[in-house]
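Dear colleague,

Please look it over before reading on.

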Amino acid sequence: MRRFIRFCIIVLLLAGVGGGGFVWWTAFRNNVTAEGEGYALLIPRGATFDFVCQQLESDRVLKNVGNFCLVADVRSYPQYIKPGRYVIPPGIGNWDLVRKLRSGDQDPMKLRFRSHWTLRAVAREIGNQLMLDSDELLRKMEDPDFLQKYDIKPADVRGFFIPNTYFVYWTLSPEQLFEKLKVEYDAFWNTSRKAKAKALGMTLTEVTTLASIVQAETYRADERPTVAGLYLNRLKNGIPLQADPTVIFASGDFTIRRVLKRHLEINSPYNTYKNLGLPPGPINNPEPSAIDGVLNAKKHQYIFMCAKPDFSGYHNFARTLSEHNRNARSYQAALSKKQRSLK
């Protein structure tokens, strides 16, 4: 009898140890295949538990999806699916993973966007990175009543979207995006930059407008202060800017690679060949280096510029028309030679 009782006790102990081991193995042991910075799980609004499991299974994120589902059921996660971007780090167990997803503790991400001719292109680039409809964002960008909430005029909205890297949540709404960018915009236009704009006798919008032209004229950041100084000289002396990018913007055809005489006849307030001074607003959303190029413009006497014949992306600058014409002939000769070599 005693042997039987002792046997039963040993069996129960072993069962307890085995059960405890199974619980630990299922809930707390590393169940993730991800390495390095981990795997970013994107859960859109309205997603179901099946969607989450299918996503994890199809991307082979987990070693054992069944164990994850078991722990998720125990913790009632299927009833608490929350949208977001969740980074699943290496070494995490099912228990902590379910806790993270169930709490909605999503991770911020880097939102990057570049300079573009059109608001549609800006909206598309942002929409491709966030759980945000680009068409809805574009409507907000073009809605005067909506923009008024952020003290933005429709002609100035391009300058509001300063190309940079922003830390945001994937589930950001258009309103939340504008609130975030408003904070960043105000931080960018600090006391120092505002003082430099005032010293130039320009408003922030005027600085951004000129910066958008500089942005389109040269992608060489180190050349932008020189280009900005050239256009400031033209403004100061009452000379039309005659900036080709403004003509391209006025035409609406952003595939134009060479501005022709017929393009110069376009009737638009953005055509700086036909209108004196700055256009009504930015022609793109200029990068910080273009804005700072204007604020820190080099002082010189140049009023002409022409692409260098070495096709480096840099320009030759000139004080006189005759000097400029020589530069232009040199560039045209190099361009013709290049075109002949490609035939």
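At what angle do helix α12 and helix α14 pack, and how far apart are their axes? This is a predicted model. In it, α12 (residues 224-236) and α14 (residues 288-295) pack at an angle of about 50°, and their axes are 8 Å apart. The two helices are therefore oblique to each other, and their crossing is right-handed. On the α12 side the contact is made by R224, P225, A228 and L232, and on the α14 side by S289, A290, G293 and V294. Sorted by type, the residues of this contact are five nonpolar, two polar and one charged.

Next, the nonpolar cores. The largest one has 54 residues. Those with the most contacts inside this core are I126, M141, F161, L177, F178 and Y231. Leaving out residues up to four places away in sequence, M141 touches L119, V122, A123, L147, V157, F161 and F178. There is also a second, separate core of 24 residues, with V71, A72, V98 and L101 among them.

One more residue to look at is H263, in the loop between α13 (244-251) and α14. Is H263 buried or exposed? H263 has a relative accessibility of 9%, so this residue counts as buried, the cut-off being under 20%. With residues up to four places away in sequence again left out, H263 touches V247, I256, R258 and N271.

Regards

Notes: Residues are numbered from 1 along each chain as its sequence is written. This is a predicted model: local features need pLDDT of at least 70, side-chain atom pairs count only at pLDDT 80 or more; totals for chains, interfaces and linings use all residues. Side-chain values use heavy atoms; hydrogens and water are left out. Axes are lines fitted to C-alpha atoms, for helices over the stretch in contact, and angles run from 0 to 180 degrees between N-to-C directions. Helices (H or I, at least four residues) and strands (E, at least two) are DSSP runs, numbered from the N terminus. Angles under 35 degrees count as roughly parallel, over 145 as roughly antiparallel, 65 to 115 as roughly perpendicular and the rest as oblique. A crossing is left-handed if the near helix is turned anticlockwise from the far one by less than a right angle, and right-handed if clockwise. Contact means heavy atoms within 4.5 Å. Ala, Val, Leu, Ile, Met, Phe, Trp, Tyr, Cys and Pro count as nonpolar, Asp, Glu, Lys and Arg as charged, and the others, Gly among them, as polar. A nonpolar core is a set of buried Ala, Val, Leu, Ile, Met, Phe, Trp, Tyr and Cys residues joined through side-chain atoms within 4.5 Å. Buried means under 20% relative accessible area, exposed over 50%, partly exposed in between (1.4 Å probe, protein chains only).
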